Amino acid sequence: ESDIILRGHSTNRKEVMVITGWDKHIYMAQTDKQGNWKTEISTPSAGGPYEISFCDGEELTLHNIMIGELWLCSGQSNMAFMVAEAAEKAALLKKAGDSSNVRLFDMKPRWMTNAVEWDGSVLDSLNSLQYFKDARWEKCNDKNVSRFSAIAYAFGQMLSDSLNVPVGLILNAVGGSPCESWIDRRTLEFNYPGI
């Protein structure tokens, strides 16, 4: 168990109620002038699925919340290498059906980093930080695992099996990407303008 801070947005000067499904505890928060709120909640031990509800006059309930390990799987083509391309793909895909404790967040790039010149619309999207396609958390199955990183999935499955806890894997890998693309823009502009 640990405490985490939840943040959200609603209308300004509004009271927000957060109800945790695992212990039915109610947490209260007040929005500021911009409608932002935050509150600290206690999480349960590893496991799930759990629910959490938010109410500010209207109610929103999030389902299928898992508590456990969370890993960022980032890098170049070696991390982006998919299960469907692996020599051991049959064994990995067979395991996917038993991976109820593994969740995937697959950040696929909108454009590949091949040695081609991008047009103006692509560059405008990049300047707006819209490089990755929209992604969402998914339960592991043979279809989404086949498009996921072989290294990340094998690691996550091994971790889930050995620790017996849910494992979330965020795949953020782009083949051929240069080092400077992984440094935030402000740092590059002000500390390393030559790059």
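Asparagine 64 sits in strand β6; strands here are DSSP runs of E with at least two residues, helices are runs of H or I with at least four, and both are numbered from the N terminus. The phi of asparagine 64 is near 60°, a positive value in a residue other than glycine. Most residues other than glycine have a negative phi, and most peptide bonds are trans. With 35% relative accessibility, asparagine 64 counts as partly exposed, a class that falls between buried (under 20% relative accessible area) and exposed (over 50%), computed with a 1.4 Å probe on protein chains only. The model is a predicted one, in which local features need pLDDT of at least 70 and side-chain atom pairs count only at pLDDT 80 or more, while totals for chains, interfaces and linings use all residues. Residues are numbered from 1 along each chain as its sequence is written, and side-chain values use heavy atoms, with hydrogens and water left out.

Overall, the secondary structure comes to six helices and 10 strands. The C-alpha atoms fill a box of roughly 50 × 45 × 30 Å along the principal axes. Of the 195 residues, 32% count as buried. As for contacts (heavy atoms within 4.5 Å), 62% of those with a separation of 6 or more are between residues 24 or more positions apart.

Strand β6 belongs to an open sheet of four strands, ordered β3-β2-β5-β6 with antiparallel pairing; two strands pair if DSSP finds at least two bridges between them. At the edges are β3 (26-30) and β6 (59-67), each of which pairs on one side only. Neighbouring strands of this sheet are turned by 20° against each other on average, with direction ignored; the axes are lines fitted to C-alpha atoms, for helices over the stretch in contact, and angles run from 0 to 180 degrees between N-to-C directions. Six bridges link β5 and β6 in the antiparallel sense, and cysteine 55 has glutamate 59 as its bridge partner in β6.

Leaving aside neighbours within four places in sequence, serine 53 is in contact with Met17, Val18, Ile19, Glu59, Leu60 and Thr61. With threonine 61 there is a side-chain to side-chain polar contact of 2.9 Å, a polar contact being a pair of N or O atoms within 3.5 Å; within protein, one atom must be able to donate a hydrogen and the other to accept it, and residues adjacent in sequence count only if both atoms are side-chain atoms.

Two loop residues come next. Lysine 24, in the loop between β2 (15-20) and β3, has a positive phi of about 60° although it is not a glycine. Lysine 24 is exposed, at a relative accessible area of 60%. Aspartate 32 is in the loop between β3 and β4 (36-42) and is partly exposed, at 29% relative accessibility. From aspartate 32 to arginine 185 the separation is 153 residues in sequence and 29 Å in space, C-alpha to C-alpha.

Another open sheet of four strands runs in the order β7-β10-β8-β9, with mixed pairing. Its edge strands, β7 (69-75) and β9 (138-139), each have a single partner strand, so one side of each is left without a neighbour in the sheet. Strands β8 (residues 102-106) and β10 (residues 167-173) run parallel and are joined by five bridges; arginine 103 has glycine 168 as its bridge partner in β10. Helix α5 (residues 150-163) packs on the sheet and touches β7, β8 and β10, its direction making about 165° with that of β10.

The largest pocket has a volume of about 820 Å³. On a 1 Å grid over the protein atoms alone, a pocket is an open set of points where a 1.4 Å probe fits, with protein on both sides within 12 Å along at least five of seven lines; lining residues have an atom within 4 Å of a point. Grid points are joined across faces, edges and corners, and the volume is the space filled by probe spheres set on the points. Of the 25 lining residues, Leu126, Leu129, Tyr131, Glu180 and Ser181 are the closest to the centre of the pocket. Helices α3 (120-127) and α6 (185-191) each supply at least two residues of the lining.
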